[in-house]
Amino acid sequence: SASKAALLSLTQSAALELAPYDINVNAIHPGEIWTPMWERIARQGGLSSESREGSSLKEKFDFVVQKRTPLGRPQTPEDIGNMAAFLASNAARNITGQSINVDGGGFMS
């Protein structure tokens with residue numbers, strides 16, 4: 001929690017400092033994405049208490065994410081990339097100092 005609060009503060013400070021130069025600063029907070037880290041957690045049994053036996057590691061991860069997030073699906077690198085592309089586009093020219101969760105509704109603020 002402290003690191004996320006620090007990132008938000010850093011984002012807002014940088015946005016204020018760089019606004020006179022017409023530079024937007026935003027933060028993207030990704031949700032749960034199947035990565036090597038999650039695979040290690042699954043291999044070590046970190047998902048076993050919440051998931052189905054006999055399933056693949058990825059299926060166990062998907063099951064846990066389905067139970068934890070309102071949209072019921074994990075995020076993908078493409079989801080994060082789409083948000084980054086939007087924020088880099090002219091369509092987001094008046095968005096600055098924001099922390100945007102791309103997490104399927106897992107954290108709503």
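**Exercise 1. Find how many salt bridges there are, and say where their partners lie**.

Start with the rule: a salt bridge is a side-chain nitrogen of Lys or Arg within 4 Å of a carboxyl oxygen of Asp or Glu. Applied here, the rule gives three salt bridges. Before going on, note that the model is predicted, so local features need pLDDT of at least 70 and side-chain atom pairs count only at pLDDT 80 or more, while totals for chains, interfaces and linings use all residues. Residues are numbered from 1 along each chain as its sequence is written, and side-chain values use heavy atoms, with hydrogens and water left out.

Step 1. R68 pairs with E32, with the closest N and O atoms 2.9 Å apart. This pair links distant parts of the chain, as R68 sits in helix α3 and E32 in the loop between β1 and α2, 36 residues apart. (Helices, H or I with at least four residues, and strands, E with at least two, are DSSP runs numbered from the N terminus.)

Step 2. R43 meets E39 at 2.7 Å, N to O. Both belong to helix α2, four residues apart, about one turn of the helix.

Step 3. D62 bridges to K58, again with a closest N and O distance of 2.7 Å. These two are four residues apart in helix α3, so about one helical turn separates them.

**Exercise 2. Describe the aromatic pairs**.

Rings of Phe, Tyr and Trp (its six-membered ring) pair if their centres lie within 6.5 Å; planes under 30 degrees apart are stacked, over 60 edge-to-face, and the rest tilted. Searching the whole structure gives two pairs.

Step 1. W34 and F61 have ring centres 5.2 Å apart and planes at 55°, so the pair is tilted. W34 lies in the loop between β1 (27-30) and α2 and F61 in helix α3, so the pair ties together parts 27 residues apart in sequence.

Step 2. W38 and F61 also form a tilted pair, at 5.2 Å centre to centre and 55° between the planes. W38 is in helix α2 and F61 in helix α3, 23 residues apart.

Step 3. Put together, W34, W38 and F61 form one aromatic cluster. W38 and F61 are buried, while W34 is partly exposed at 26%.

Notes
Buried means under 20% relative accessible area, exposed over 50%, partly exposed in between (1.4 Å probe, protein chains only).
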